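Welcome, and thanks for taking a look at this protein with us. Please have the sequence and the 3D view open as you read the points below.

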Amino acid sequence: MDPQAYCEQKLAQSGSSFAYTFRFLPTPRRNAITALYAFCREVDDVVDEGIDPQLAAAKLAWWRGEVANLFAGRPQHPVTRALQPHLQSFGITAERLSEIIDGMEMDLRQTRYLDWKGLERYCYQVASVVGLLAAGIFGYRDARTLDYAKHLGIAFQLTNIIRDVGEDARKNRVYLPVEDLQRFGVPAADILQSKETPAFRSLMAFEAERARGYYQGAMSALPAADRRAQRPGLIMAAIYRTLLDEIQRGGFRVLTQRTSLTPLRKFWIAWRTWVAA
């Protein structure tokens, strides 16, 4: 399969909300961001496949080698071959691709986070770094746009964590910081056993407000001069903030169900945001 077609198929199969942002871009930028998404999907799948941790670590080590191959001009995988034409044009670096792999490796080493500082670092590596690369692909003139990208990445990842609490618990992962569990009187066992208590809902409301703070920080950091160029990120922010609102309206039933938006609603949000930005 053609490398770009492979990446487009990877995006289509994922059902990700990101697909609603990419379709508005000019072809070179759309191809670059689709290839970056496919790279992230490939390395994330290594961890999510549920295979033996040692085998997963070996696969991530292979991807580290493939990043080195990419920047040496000899990529082998369809994803890295699709990324190759865009490295210089959009400032895609080996360091940032490797940081994404670092974040995935964190999932192999730990299933709990003691405090927000530790979880924030994880969110930065698996999401903010992607945001920084995406900002370069979308285009920016003001360096403050990178602060916007960092904050938005953390907001996205925290929204994902809130949405997936139950799903992650079934994999014995609790991303919510231990200090927050203790503050609200929520034993980790309650989460692992899907006990939706008033204390748990208070905890989730707190985490939702934390996420909203990062969305607000991102919007405050985005310079007006780069707003149009960064419209794909604004579309994702609008979709994810709507998702967060829906989760809260549903009473944070995240331990027993997974809240999602319909494709039509996502497309409507995407079109409305693109026109307004």
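Which residues line the largest cavity? Its lining consists of Ile 161, Val 165, Asp 168, Arg 173, Val 174, Tyr 175, Leu 176 and Ile 191. Please keep in mind that this is a predicted model.

**The cavity**

- A search of the whole structure turns up one cavity of 30 Å³ or more.
- The volume of the largest cavity is about 40 Å³.
- Its lining residues comprise six nonpolar, no polar and two charged.

**Helices α3 and α7**

- Helix α3 covers residues 27-48 and helix α7 covers residues 94-109; their axes come within 9 Å and cross at roughly 25°.
- Because of that angle, α3 counts as roughly parallel to α7.
- The crossing of α3 and α7 is right-handed.
- On the α3 side, the contact is made by Leu 36, Phe 39, Cys 40, Val 43, Asp 44 and Val 47.
- On the α7 side, Leu 97, Ile 100, Ile 101, Met 104, Asp 107 and Leu 108 take part.
- Sorted by class, the contact of α3 with α7 has 10 nonpolar, no polar and two charged residues.

**Helices α4 and α7**

- Helix α4 spans residues 53-71, and its axis comes within 10 Å of the axis of α7, with a crossing angle of roughly 180°.
- The two helices, α4 and α7, are therefore roughly antiparallel to each other.
- From α4, the contact draws on Pro 53, Ala 56, Ala 57, Leu 60, Trp 63, Arg 64, Val 67, Leu 70 and Phe 71.
- From α7, it draws on Ala 94, Leu 97, Ser 98, Ile 101, Asp 102, Met 104, Glu 105 and Leu 108.
- The residues in the contact of α4 with α7 are 13 nonpolar, one polar and three charged.

**Helices α9 and α13**

- Helix α9 (residues 144-163) packs against helix α13 (residues 198-221) at an angle of about 160°, and their axes are 7 Å apart.
- This pair, α9 and α13, is therefore roughly antiparallel.
- The crossing of α9 and α13 is left-handed.
- Among the α9 residues in the contact are Arg 144, Asp 147, Tyr 148, His 151, Leu 152, Phe 156 and Thr 159.
- The α13 residues in the contact include Met 204, Glu 207, Arg 210, Tyr 214, Tyr 215, Gly 217 and Met 219.
- By class, the contact of α9 with α13 is made up of 15 nonpolar, three polar and four charged residues.

Technical notes:
Residues are numbered from 1 along each chain as its sequence is written. This is a predicted model: local features need pLDDT of at least 70, side-chain atom pairs count only at pLDDT 80 or more; totals for chains, interfaces and linings use all residues. Side-chain values use heavy atoms; hydrogens and water are left out. On a 1 Å grid over the protein atoms alone, a cavity is a set of points where a 1.4 Å probe fits but cannot get out, and a pocket is an open set with protein on both sides within 12 Å along at least five of seven lines; lining residues have an atom within 4 Å of a point. Grid points are joined across faces, edges and corners, and a volume is the space filled by probe spheres set on the points. Ala, Val, Leu, Ile, Met, Phe, Trp, Tyr, Cys and Pro count as nonpolar, Asp, Glu, Lys and Arg as charged, and the others, Gly among them, as polar. Axes are lines fitted to C-alpha atoms, for helices over the stretch in contact, and angles run from 0 to 180 degrees between N-to-C directions. Helices (H or I, at least four residues) and strands (E, at least two) are DSSP runs, numbered from the N terminus. Angles under 35 degrees count as roughly parallel, over 145 as roughly antiparallel, 65 to 115 as roughly perpendicular and the rest as oblique. A crossing is left-handed if the near helix is turned anticlockwise from the far one by less than a right angle, and right-handed if clockwise. Contact means heavy atoms within 4.5 Å.
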